[in-house]
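This report goes through selected local features of one structure, grouped by topic. The sequence and coordinates are shown below.

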Amino acid sequence: MAQPLVKKDDDRDDEMDYSPFLGIEKGAVLQEARVFNDPQLDARRCSQVITKLLYLLNQGESFTKAEATGVFFAVTKLFQSKDIGLRRMVYLIIKELSPSADEVIIVTSSLMKDMNSRTDMYRANAIRVLCRITDGTLLTQIERYLKQAIVDKNPVVASAALVSGIHLLQTNPEIVKRWSNEVQEAVQSRAALVQFHALALLHQIRQNDRLAVSKLVTSLTKGSVRSPLAQCLLIRYTSQVIRESGISQTGDRPFYDYLESCLRHKAEMVIFEAARAITELSGVTSRELTPAITVLQLFLSSSKPVLRFAAVRTLNKVAMTHPMAVTNCNIDMESLISDQNRSIATLAITTLLKTGNESSVDRLMKQITNFMSDIADEFKIVVVEAIRSLCLKFPLKYRSLMNFLSNILREEGGFEYKKAIVDSIVILIRDIPDAKEGGLLHLCEFIEDCEFTYLSTQILHFLGNEGPKTSDPSKYIRYIYNRVILENATVRASAVSTLAKFGALVDSLKPRIFVLLKRCLFDSDDEVRDRATLYLNTLGGDGAVVETDEEVKEFLFGSLGVPLTNLETSLKNYEPSEEPFDIHSVPKEVKSQPLSEKKAPGKKPTGLAAPPVAPTSTVDAYERLLSSIPEFASYGKLFKSSAPVELTEAETEYAVNVVKHIFDNHIVFQYNCTNTIPEQLLENVTVIVDASEAEEFSEVASKPLKSLPYDTPGQTFVAFEKPEGEPAVGKFSNTLRFIVKEVDPTTGEAEDDGVEDEYQLEDLEVVSADYVLKVGVSNFRNAWESLGPDCEKVDEYGLGPRESLAEAVNTVIDLLGMQPCEGTEVVPSNSRSHTCLLSGVYIGGVKVLVRLSFGVDGPKDVAMKLAVRSEDISVSDAIHEIVASG
């Protein structure tokens with residue numbers, strides 16, 4: 001008996017590869033649609049044709065207006081058929097075709113007839129279709145029927161009306177909000193789906209009224225919700241109320257008690273939703289977490305994979321903030337490492353890595369080694385990142401963890417996976433001094449057989465910076481020169497630069513480096529030859545007079561001084577002429593994207609190394625704009641332009657933001673104005689600025705805006721003089737003054753006479769951060785050492801009580817207005833100390849570097865040590881004054 005069954009299954013598998021829609025064409029299907037006009041309708045045949053039409057529509061096939069209209073009118077004739085299956089297909093095709101307003105009338109009467117039919121299936125579907133294709137005027141006619149449907153005894157009809165209400169709320173909110181009483185009644189329904197949909201609609205109706213949502217949650221948490229789906233929604237709304245109301249995590253908390261009571265519900269989905277909600281509460285304590293963790297621990301041993309996955313994923317998130325609370329689950333999670341579902345196994349491993357102690361590291365490593373070969377690259381990356389965090393947590397275990405990383409680096413894998421491993425090794429080398437030499441050798445062995453050019457060049461660059469500082473730099477030369485012989489031109493050029501760095505820093509190796517660089521002069525690629533010639537000349541390998549050691553090191557290791565994106569844009573804009581390209585003309589500020597260039601929502605970066613949209617277009621545009629205005633042309637070079645600061649609330653009649661342009665001796669306010677009233681034209685638009693709270697500033701010029709039509713942005717300017725090169729600060733009051741003229745909406749013509757009017761704007765502040773450019777450095781340690789201790793100033797400050805260490809770090813970064821370096825702006829969860837590195841350029845073109853060391857002193861008090869190095873001691877003092885006065 002077994003043999004025929006196997007054969008039958010095989011046949012079924014073959015059938016699955018065949019699609020009934022294979023090779024269908026729009027033209028042929030439209031021809032088939034003529035069957036809708038037959039006097040004797042074949043219900044089965046009509047259903048098949050509609051199915052094909054739906055398939056074409058869902059595959060993105062576009063129908064012309066004539067084709068869609070033809071199909072629509074043909075479909076309307078099918079209402080005469082009494083076949084229930086065909087009627088359902090008719091509803092579907094009408095919804096998908098989305099007929100225009102003049103065509104909707106054709107089917108409205110048929111749909112309204114079905115809506116009052118005795119057949120519940122007709123009623124439910126007719127409601128869904130009518131609400132999908134109708135407009136506001138027709139909706140008011142059928143509103144009475146919809147209200148009745150919401151409280152209908154048949155759950156299918158009631159659910160259809162409620163779901164339609166959820167969709168209509170987006171287009172006709174005023175009408176749907178009138179259904180509150182009926183929806184409130186539906187929330188008490190015994191049907192699970194009706195209660196679920198009713199609660200979702202009721203919340204959406206009230207979502208903009210916090211008090212109403214809070215009352216809704218308060219009334220429903222007393223036990224009137226029976227549906228597990230609705231209970232899950234209620235738990236989410238409860239969490240939202242707790243978050244928004246900032247209810248204290250101590251004392252009487254009825255909402256928290258409700259969440260805890262849901263952990264004892266009979267439905268697994270409700271238990272899990274409640275456990276997850278408790279773990280995501282802000283400021284939740286270990287005692288409050290315990291019941292949720294206990295429930296999740298039980299789910300870990302469930303026979304259902306979805307429950308195991310949900311539990312381990314939630315515990316994985318909890319482990320980031322409360323690792324000790326999860327340690328009780330470690331034994332259960334260790335058994336999940338061999339789970340058939342690789343997603344569960346990966347999450348179990350990474351959670352164990354976060355919660356394990358130093359003694360369990362070696363045991364975990366053995367288990368992971370067997371496990372890595374069975375999972376996909378995306379899961380491997382998660383494991384690698386977890387191992388990196390573990391190594392930083394237990395530095396003494398770096399040998400076993402580094403060996404593990406080097407072993408998996410030699411195995412098969414894609415680019416993202418290999419990059420994650422290389423990044424991890426690089427971070428360990430930087431943070432654990434004892435790991436440097438071993439880690440560099442692992443990277444050298446990897447580039448011997450690396451198929452990714454990007455990784456090879458990154459490793460060579462890192463090797464050039466760190467290799468010369470090791471006890472025996474000569475052992476790396478062989479690996480580097482092998483790249484010159486065996487690799488493609490990009491890697492060869494990178495290897496030449498790395499050799500030059502060894503030659504610059506290790507005098508004993510210089511003669512051998514010269515020999516190798518001279519061999520590179522005969523390379524087939526011009527970039528490699530040019531680099532070899534340049535470095536030989538710089539280091540003195542060609543017998544010429546060389547620069548000093550300091551200049552050579554600055555050339556090879558110093559930062560470029562300008563952002564690469566700015567340099568790229570300036571080079572593209574440079575027109576060949578007798579004037580050579582001047583790198584000093586490249587703007588130094590890392591500008592945020594202008595409003596007009598913001599990414600469309602949902603659009604993701606195109607790749608790991610994809611450059612951002614070139615920000616200098618704004619910098620150049622501002623500089624060109626200001627230099628073209630005679631009043632400001634004599635102010636000299638623009639030092640910095642701020643991001644736009646909003647001076648009006650969203651959705652007001654006039655939208656105004658301001659950009660602060662900083663010069664050595666002046667500051668120019670550029671007010672960007674938009675008129676959002678179609679019936680008005682504004683003329684002679686100016687901003688009256690009161691500088692009584694900014695004593696060091698005096699107004700010297702202004703440029704009004706002649707005309708501001710509807711929805712057409714325009715600019716008006718006000719300039720102030722300030723002490724030269726000094727970071728003057730102050731507050732400015734702003735009033736928009738203009739002449740308003742009424743516009744005839746039919747002709748678009750404005751009246752001749754206007755009325756003078758004013759509009760109060762928000763105050764504007766010029767702060768110390770406005771005088772600092774955000775300029776990053778590629779290697780902070782080298783840049784710090786190159787500035788030296790001569791102009792260094794160190795002091796300690798108490799920052800008082802703070803919500804978290806991250807909040808304190810962000811506050812100081814915003815206060816100074818400098819560029820965070822090497823990702824140090826990110827503070828690990830539950831960390832009690834942190835070091836943040838900042839760089840920038842102070843007004844006058846003075847380079848500044850800052851090292852901030854934070855520590856939590858007592859329950860929430862934060863102390864900070866501030867070390868500043870710059871090219872001018874007065875600038876170091878000024879940075880300390882900013883912090884002291886901030």
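## A buried loop residue

A residue is called buried when its relative accessible area is under 20%. The model discussed here is predicted. Leu78 has a relative accessibility of 1% and therefore counts as buried. Leu78 belongs to the loop that runs between helix H4 (65-76) and helix H5 (84-97).

Beyond its neighbours within four places in sequence, Leu78 is in contact with Phe36, Leu41, Cys46, Ile50, Leu86 and Val90. Leu78 and Asp38 are 40 residues apart along the chain, with 10.0 Å between their C-alpha atoms.

## Domains

The assignment divides the protein into domain 1 (209-283), domain 2 (450-561), domain 3 (635-766) and domain 4 (771-885). Between the C-alpha centres of domain 1 and domain 4 the distance is 41 Å.

Glu550 is part of helix H32 (residues 549-557). With a relative accessible area of 58%, Glu550 is exposed. The C-alpha atoms of Glu550 and Ser786 lie 9.2 Å apart, although 236 residues separate the two in sequence.

## Positive phi angles

Most residues other than glycine have a negative phi. Asn684 is not a glycine, yet its phi is positive, at about 50°. Asn684 sits in strand S5 (residues 680-693) and is partly exposed, with a relative accessible area of 43%.

Asp711 also has a positive phi, near 60°. Asp711 is placed in the loop between strand S7 (705-708) and strand S8 (714-721). Its relative accessible area is 52%, so Asp711 is exposed.

## Aromatic pairs

The whole structure contains 16 aromatic pairs. One of them joins Phe415 and Tyr454 edge-to-face, with 5.7 Å from centre to centre and 75° between the planes. This pair links distant parts of the chain, since Phe415 is in helix H25 (residues 415-431) and Tyr454 is in helix H27 (residues 453-466), 39 residues apart. Phe415 is partly exposed at a relative accessible area of 25%, and Tyr454 is partly exposed at 32% relative accessibility.

Phe632 and Tyr635 form a tilted pair, because their ring planes meet at 40°, with the centres 5.8 Å apart. Phe632 is buried at 2% relative accessibility, and Tyr635 is buried at 12%. Elsewhere, ring pairs connect Phe669, Tyr671, Phe697, Phe720 and Phe732 into a cluster.

## Charges over rings

Which ring does the charged end of Arg87 sit over? The ring is that of Tyr122, and the charged end of Arg87 is 4.5 Å from its centre. Arg478 lies over the face of Tyr479, 4.4 Å from the ring centre.

Key. Residues numbered from 1 in each chain as written. Predicted model: local features only at pLDDT ≥ 70, side-chain atom pairs only at ≥ 80, totals over all residues. Heavy atoms only, no water. Helix = DSSP H or I, 4+ residues; strand = E, 2+ residues; numbered from the N terminus. Buried < 20%, exposed > 50% of the residue type's maximum accessible area, 1.4 Å probe, protein only. Contact = heavy atoms within 4.5 Å. Domains from an automatic or database assignment. Phe/Tyr/Trp six-rings, centres within 6.5 Å; stacked < 30°, edge-to-face > 60°. Lys NZ or Arg CZ within 6 Å of the ring centre and 35° of its normal.
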